[in-house]
Structures are given as C-alpha cells and as structure tokens.
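Hi,

Here is the structure I promised to send over. Have a look at it first, and then read on for what I found in it.

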Amino acid sequence: MSPMIRRQIPFVALAIFLVVFALGAPQNVVDIGVYALIYGLAAIGLSLLMGLAGQVSLGHAAFIAVGAYTQAVLVSKANLPFIAAAPIAVIASMIVALIVGLPLLRLRGHFLALATLGLGIIIGVVVTESEALGSTSGLYGLPSLSFGGRTYDTAQEYFLLLTPVIVIGMWLAVNLVKSRTGRALSAVNDSEVAAECLGVDTFALRLRVFVLSAGYAGLAGVFYAHWLTIVNPSVTHFEVSVKILLMVVLGGLGTVWGALIGAVAVQALDEGLRALLPVIIPGAKGEVQLIGFGVILVLVIILMPGGLAQLWSRVRARLSKPDPAKHGVHEHEISQDEQRELLDKSLGILARTDHEPVGTSILKIEGLTKRYGGVTALDNLSLDITAGEIVALIGPNGAGKTTAFNMITGVLPPTEGSVKLHGKEVAGQLPHVAANLGATRTFQNLQTFKSTTVLGNVKVARHLRSKAGLLRGMVMADRAEERHIETTAQAAVDAMALTALADHPIADLAFGKQRQVEVARALALEPSLLLLDEPMAGLSGAERDSLSWLLRKVKATGVTIVLVEHDVAAVMALADRVAVLDDGKLISLGTPAEVTNDPVVIAAYLGTDDEAEATVEKAAAEYAADSAPEGGTR
Amino acid sequence: MTARPPAGLTVTGLHAAYDRLQVLHGIDLTVAPGEVLALVGANGAGKTSVLRSVSGLLKPAKGTVKLGDTDITSFGAEKIASLGLAHVPENRLVFPTLTVEDNLVLGGYVRRKDGGFAERRAEALALFPRLNDRILLAAGALSGGEQQMLAMARALMSDPSVIILDEPSLGLAPKVVGEIMTALGILRNKGLAVLLVEQNVRAAFKVADRVMVMDRGRVVAEGTPAELASDERVRAAYLGGSSTSSSGVAAPVAPKAGPAAGS
C-alpha cells in the first residue's frame with residue numbers, strides 16, 4: 001500500500017466512527033458530541049497556530065464570535081441562504097485576524113497572546129453595546145440550518161452534517177502540518193534564526209497560519225450560530241477562549257489529532273462531570289463540580305504535560321516491535337571509497353550550474369562595525385570575497401568572527417558599514433533576504449530543528465528551492481515537488497555520510513554529528529556562498545579529513561566558502577586566503593603561508609608549541625617545589 | 001588544604017543504553033591517580049556516554065563503576081560529585097547569568113559543610129589567573145576559552161580526586177587549547193586522576209599518559225600516545241590526519257614522564 005493511501009486511513013476511520021456514533025449513541029450524548037465538534041473546529045485552528053506558528057491566542061472566542069455574529073446578521077437580517085453566508089462569515093474572521101496579526105506577528109514573544117486577549121474583550125464590548133447586534137440579548141430566532149433540501153434540527157442530523165466538515169477540516173490541517181509550509185513553520189519553532197538563514201520568511205508564514213486559524217474559528221462560529229439559533233455576547237466570553245485553549249493543551253500541544261480528541265475530552269468532562277458528580281457525591285453543588293473539573297485538568301497537565309498525544313505515542317512505542325537497526329550496531333560500515341563515490345553522486349544532484357565565474361566579486365564587505373554599548377565587537381572590517389574561493393576567518397575567541405558572520409547573514413544589524421551580496425545590500429535585512437541571494441550558514445552553537453529527524457532538518461533547507469504554498473500543501477497538490485525535496489535532501493544527507501542516521505531524531509545524535517547535519521542542511525540549499533562557523537569543532541580527526549575533502553569538492557562545483565575555524569592545520573590546508581581578526585580588527589590578510597609566518601598572528605593567536613611546553617614544565621616545577629612538604633600527607 | 005586521599009577510577013564491563021538504543025557494549029577502563037587517560041574516537045562512538053555513566057547522569061545497564069574502592073554504579077550524580085568525582089561537561093555549561101565568583105561558589109556546593117572554601121578557591125584561581133581579573137563579570141560575558149577555564153575551576157571547587165572532561169578544546173583558539181592542556185598536566189601532577197574525552201587528538205596526545213580509541217560503543221585500541229600514533233592502522237581508521245588535517249596525529253610524540261614526584 002502506498003504511503004499516501006495509508007495516510008488517508010485515519011480520516012476514513014474517523015468518518016466511519018463519527019457516523020456510527022451519530023446513529024448509535026443516545027440522544028443526549030450526541031448532543032454533547034455536536035458541541036465537541038463545533039468547538040473542535042476552533043481547536044484544530046488553534047492547534048495549528050500553537051503547534052506551527054508557536055503563538056498562543058488567548059482570545060480565540062473573538063473569532064468564533066465574529067463568525068457567529070456575521071452569519072446571524074447575514075441569515076436573519078439579509079436573508080442570505082446558509083451556503084452563501086458561511087464563506088462571508090469565515091472571511092470576516094480571517095480579516096479581523098489579518099488586521100491584528102499584521103503589526104503584531106513581526107514581534108517576537110507573547111505580544112500576540114496579549115493582543116488577542118484584548119481583542120476578545122473589545123469584541124465582547126462591541127457586541128454588548130451594539131443595538132444592531134441585539135446588545136446583551138443578542139440575535140435570536142435564526143432559522144434552523146437547511147441545506148440541500150433538508151433541515152438539520154436534531155442533534156443526530158446536525159452531527160452528521162458536521163461530520164464531513166470536521167473530517168475535511170482535519171484532513172486539510174494534517175496535510176498542512178506535513179507540507180512545505182508546515183515543515184518550515186515547525187523549524188521556526190525549533191530555531192527561528194536557523195530557519196531564517198535557510199530562507200524562511202517567518203513573518204509571512206506566521207501571519208498566514210494565524211489568519212487560517214481564525215478561519216477555522218469563524219467556521220466554528222457559523223455552526224455555533226445555527227445550532228443554538230441564538231447568538232449573544234456569551235460567545236465572546238473569556239471562558240470560551242480558555243476552553244478552546246484547554247482542548248489544545250489537553251490533546252497535546254500543536255497536534256491536530258490531539259486538538260480533536262482534546263475537544264471531545266474537555267466537552268465530555270465539562271458536560272459529563274456535571275451530571276456525574278451529584279451521583280457520586282450526593283448534594284454536591286455547582287462549585288464542587290467545577291472544583292472536580294479543575295482538579296482533573298490539573299492532574300492531567302502535571303502527569304502528562306504532552307497531553308493525550310503524548311500518552312498515545314507512549315502506548316505506540318510500547319506496542320511497536322523493537323527496531324533491529326536500533327539494537328547493537330549503530331550504523332553500517334561504509335568504506336571511505338564508497339563514501340566518496342556517494343558524495344560525488346550527491347553533489348551531482350545538488351550542484352547548481354549558475355554560479356558566477358571564478359574571480360568575480362560576490363561578497364563585498366565595507367567598513368562593517370558592531371558596537372555593544374562601549375564595546376566594539378567588530379571594528380571597520382572591509383573584505384572582498386570572490387566567487388569560487390575558500391576564505392578562512394581566524395582569530396582568538398571573542399575576536400569578532402561570529403559577529404562578522406552574524407552581520408553578513410542578517411542575524412545582527414550592523415552599527416555601521418555595508419554588506420553587498422551579488423551587488424545587493426543585505427546589511428540590516430532579515431536573514432531570509434541573504435538566503436534568497438544564495439548565502440546560508442551553519443552555527444557555532446547548534447541550531448538544529450530538534451523536533452524532527454536528520455532528514456527532516458535537511459528538508460527545511462529545500463524551502464527556497466520549492467514553491468508549494470499553504471493552500472497547495474493543504475490539498476496535497478504538492479506531491480511531485482515533495483518527492484523532489486525528498487531526493488535532494490537525501491543527497492545532502494548522503495554527502496555528509498549521515499545516510500544511516502537519516503531517520504533518527506536529531507536530538508539522539510552526538511554533538512559532532514549534529515554539527516555535520518548543519519553542514520548537510522546548508523548544502524541542501526544549494527548555496528552560492530556557504531558560511532561555516534567552526535565546522536570542524538567536535539569532529540574527530542577522520543571526520544575532519546572527510547569534511548576537508550568534501551569542502552574541496554563543493555568548492556570545485558563553484559560554491560564560495562567562508563569559514564571560521566580554530567583547526568589551524570585544516571584551515572591552512574583548505575583556504576585560498578586567510579583573514580585574521582583580533583579584538584575586532586583585521587590584523588592580517590593573505591595566503592595561508594603569509595599568515596602563518598606573520599609575527600603579529602603568532603603573538604595574538606597561534607602561539608608556539610615551545611611556549612606551551614615551557615609553561616607546563618615551569619608550572620610543574622613550581623608546583624613540585626610548593627607541594628613538596630605537603631607530599632607526605634597525601 | 002582539604003585534599004582527599006588520591007583515588008582512581010575503575011570501570012568494568014560497562015553497558016549503557018538510551019531507551020532501547022544501546023550505546024556502550026562492555027567498556028573496561030582504569031585511571032590511576034596522577035594519570036591522564038584520553039578517550040578518542042568518531043562522533044557517536046560513545047565517549048560522552050562513558051563520561052555520563054561514570055558521573056551518574058546515565059544509569060548503566062550493566063557493569064560497575066568504582067571511585068577508589070567505593071562502588072558508585074548505583075549512586076546519583078549529586079552523591080557521586082560529593083564523593084570526589086567532578087564532571088566538566090561538553091560545551092562548558094557555566095551558569096551564564098551568574099558571576100564568575102558565584103559559579104565558583106556553586107562549584108563548591110557539595111563541599112559546603114567542609115570549610116576550606118577559601119583555599120580551594122585560591123587554588124582553582126591559581127591555575128587560571130585570568131579568571132581573577134574577571135571575577136565579578138557574568139560568566140556569559142567571558143570568551144569561550146575563559147568559560148572553559150571557569151568550568152574547570154568550578155569543577156575543582158568540589159575538591160575532586162577524579163576529574164572527567166568532555167572535549168575541553170571545543171571551539172577554542174590554539175593558544176587557549178595549549179593553556180587548557182597545560183592546566184590538565186598540572187592537575188595530573190597534583191595527583192588527580194584525569195579522564196579526558198577529546199577530538200583534538202594532537203592536543204590530547206600531548207598531555208595524555210594513555211589513550212583509548214572507541215568505535216561504536218567499544219574500545220578498539222589502547223596504548224600510549226606514541227604507540228597509537230605510530231600504528232598506521234589505527235591512525236588511518238580513527239585518528240585521521242592522513243592527508244590534510246593535522247588535528248590528527250602528525251608525528252609520534254615522546255611519551256610523558258610518569259606521575260610527578262610528590263603524589
């Protein structure tokens with residue numbers, strides 16, 4: 001069975017289950033089910049926002065309210081049929097989200113949460129004060145939903161009407177999570193800076209997901225209005241937002257299936273406990289029931305912070321057979337020759353042909369300066385880097401090498417100076433701008449996407465080399481492109497000799513291996529300028545040899561490489577030119593031979609072996625003299 | 001001084017696993033007082049896992065770990081630290097928002113009831129005089145090399161008899177690597193047992209008395225630096241440096257003299 005068909009099984013199962021439930025369950029249970037599905041729609045949207053965009057909405061009820069009120073006005077006042085009014089109501093919610101998100105999603109942190117909290121209050125006040133919207137009593141007397149010649153006014157019928165809506169809503173959301181957009185957003189959650197450096201425009205994607213999530217809430221509002229046949233300010237209440245939030249948290253943060261299951265669980269707890277508690281504790285009053293409800297939720301959150309989704313994955317891990325690949329031997333032995341052959345093949349897949357001719361200037365740095373308060377981290381650096389060369393940036397710790405990288409790639413704005421990439425100014429722009437121009441990087445401190453596998457990390461780098469947008473991903477019209485992403489990402493993984501680890505969660509890998517994944521990820525972008533921040537750190541001698549070999553091959557395909565590295569021997573063997581920074585200033589620039597013999601560089605950075613050995617001997621002698629009288633007590 | 005009697009480290013038949021992924025398949029090693037044992041090998045070979053098992057951060061599935069004559073296999077990390085085994089982790093992990101001074105105070109936490117703080121502090125700072133000038137700076141503001149020095153000084157505040165270090169040279173300038181290795185030499189001469197995991201083979205070989213090469217959870221070669229450096233097979237398969245990078249072993253180095261007098 002093809003994996004694509006296998007991916008549809010859960011949805012078919014869900015549809016069958018919902019239909020059987022509607023037909024078989026008692027009336028009052030189906031009634032609870034209707035609410036679970038309505039709120040579930042909003043929860044699916046919120047789970048996308050929280051899981052993919054990493055943002056919380058504390059006022060999701062506002063979007064439900066906008067959808068519900070719009071629908072109510074259109075149907076009862078403008079006499080539009082359901083099918084014409086519903087899309088307008090959904091779009092109204094999305095427009096409100098767009099207006100809120102446009103300024104706020106540029107900011108990092110919890111601004112969106114606060115703003116949506118405020119939005120919830122504003123919408124609540126507006127509908128309460130507005131005469132046209134019925135003030136506190138709201139709009140009532142909506143006609144029962146009739147559609148396709150049928151009227152849906154019993155719980156069972158309404159549930160059956162909601163079933164395809166939920167199944168399709170789930171299907172679209174799950175597809176989105178697995179699509180190019182979903183992958184990029186989840187990468188942003190793990191490491192925004194790394195995702196940006198791979199060309200992901202985080203703001204644009206977050207905004208789209210926020211608007212989409214409001215659309216789901218708006219649709220929930222439409223069905224809410226028709227089911228209750230009355231819309232009043234209670235729909236805007238904070239409790240409703242909290243309830244939706246609870247559904248997502250309980251179900252498992254950011255998992256779409258979790259949101260639906262969370263919706264059922266919260267609704268069942270909410271309604272079911274109220275009926276159950278008086279039976280268990282005779283004479284229990286409302287407050288006692290609410291306390292019981294709260295206690296259960298607190299317990300769940302303490303015992304299962306990952307929600308029901310976590311419980312499910314634990315059960316599945318228990319049931320699954322032990323993976324033979326995970327037992328004993330870590331990976332297959334592969335000879336160096338085989339590896340190099342694989343690399344050649346991979347570079348064949350990845351090599352771009354449109355690199356600028358060797359010798360043309362591709363990166364022009366002028367007067368680049370960074371000051372933090374009184375400290376000058378980088379002082380007036382000017383450097384011209386031409387296509388097809390390997391330039392190494394060396395210098396003592398804290399000399400400003402990484403700061404220079406950060407400004408070239410847009411991670412930090414410079415205090416002064418300019419960085420021109422292929423003639424275009426990138427200083428002060430976001431990293432995805434430089435990435436778009438073909439410059440990407442690795443990081444000194446790991447910036448991997450921890451929630452996914454090795455291959456998953458590398459696939460993110462194909463973002464710029466693929467096009468499928470949010471909608472195409474949602475309806476699975478991106479299959480051919482996804483297959484291409486898979487092939488190219490795999491090629492980059494092979495190139496770094498990580499083939500055997502491709503499907504391992506990256507968090508399980510040793511530190512140095514994770515660094516190699518970063519290099520694979522950068523290669524997968526098919527950059528014209530590759531910036532590597534200490535690529536050799538944490539690698540063993542043999543691994544360093546392979547990496548040097550690989551970088552020469554990459555250079556041969558026309559890629560320009562700038563690297564910061566402390567392994568002087570490797571640097572000198574690899575680089576065409578070496579730039580030495582000390583205390584923020586460029587103190588030497590030239591061929592490896594020129595630089596290694598520069599007395600300034602030796603004093604500031606390299607040191608001499610004789611020096612080090614002399615220190616050891618001196619220290620040892622001093623210590624022996626100091627501790628001689630004490631020696632006997634040991 | 002509150003020096004404890006010298007005690008070595010003995011690991012026998014160590015097996016360890018993360019979940020169901022077995023990473024160590026029977027590791028045997030000893031580090032005597034006044035000795036530096038370097039553990040080298042490719043990434044994922046299990047070097048870090050050995051250190052984590054020794055310091056109680058990873059529960060071994062099988063095997064024993066002894067500190068002197070005490071079996072510490074089943075002890076928790078805090079208890080092991082208080083018995084005199086200090087772990088300097090990968091990436092230093094200093095407390096970035098605390099001052100250098102406070103980092104040192106926390107390093108001495110397991111010894112808080114024993115007194116002698118001032119002496120241990122003076123001794124740790126004597127090893128890295130540079131930290132004296134930065135004593136009131138936030139640790140996060142130090143350069144990479146200074147952070148490594150602080151991580152080691154912090155470890156020494158627990159007055160250990162065994163110190164284990166995970167890649168102290170990571171990301172450091174050659175000059176600083178020299179200083180760090182020098183410090184290790186001094187600690188060895190003071191009678192500490194030093195277990196060093198290091199990718200910078202050249203630097204490690206200079207300071208180590210013995211070297212073990214690990215591959216996929218097993219020890220595959222063992223000897224003095226000179227023996228291993230002159231073994232073509234080991235060099236080609238594990239140490240590198242054959243063609244380009246001389247992070248590997250460029251030439252056999254002279255064997256170190258044994259533990260210094262006085263220990």
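Let's start with helix α1 of chain B, residues 47-54: 8 of its 8 residues are buried, so the helix is largely enclosed by the rest of the structure. Before you go further, do keep in mind that this is a predicted model. The buried residues in α1(B) are B:Lys47, B:Thr48, B:Ser49, B:Val50, B:Leu51, B:Arg52, B:Ser53 and B:Val54. Just past the end of α1(B), B:Gly56 has a positive phi of about 85°.

Staying in chain B, take a look at strands β1 (residues 9-18) and β2 (residues 21-31). They run antiparallel and are joined by 8 bridges. Together β1(B) and β2(B) make a hairpin with 2 residues between them. In that turn, B:Asp19 takes a positive phi of about 50°. If you want a landmark along the pair, B:Leu14 sits opposite B:Ile27 in β2(B).

Next, the nonpolar core. The largest one has 283 residues, and those with the most contacts inside it are A:Ile64, A:Ala220, A:Ala492, A:Ala520, B:Ala153, B:Val162 and B:Leu196. This core draws at least three residues from each of domain 1 (3-237) and domain 2 (352-445 + 511-612) of chain A.

How far apart are the centres of domain 1 and domain 2 of chain A? Taken over C-alpha atoms, 47 Å separate them. The contact between the two takes 8 residues from domain 1 of chain A and 11 residues from domain 2 of chain A.

Finally, a word on confidence. Chain A has an average pLDDT of 85, and 91% of the residues score at least 70. Two stretches call for some care. Over residues 324-330 of chain A, pLDDT stays under 50, and the model has 8 contacts for this stretch beyond four places in sequence. Residues 627-634 of chain A also have a pLDDT below 50, with 8 contacts in the model beyond near neighbours in sequence. Where pLDDT is low, the predicted coordinates should not be read in detail.

Cheers

Definitions and conventions: Residues numbered from 1 in each chain as written. Chains lettered and ligands numbered in written order. Predicted model: local features only at pLDDT ≥ 70, side-chain atom pairs only at ≥ 80, totals over all residues. Buried ≥ 20, exposed ≤ 12 C-beta atoms within 10 Å, placed from the backbone. Helix = DSSP H or I, 4+ residues; strand = E, 2+ residues; numbered from the N terminus. Core = buried A, V, L, I, M, F, W, Y, C linked by C-beta atoms within 7 Å. Domains from an automatic or database assignment. Contact = placed C-beta atoms within 7 Å. pLDDT = per-residue confidence, 0-100. Pairing = 2+ DSSP bridges.
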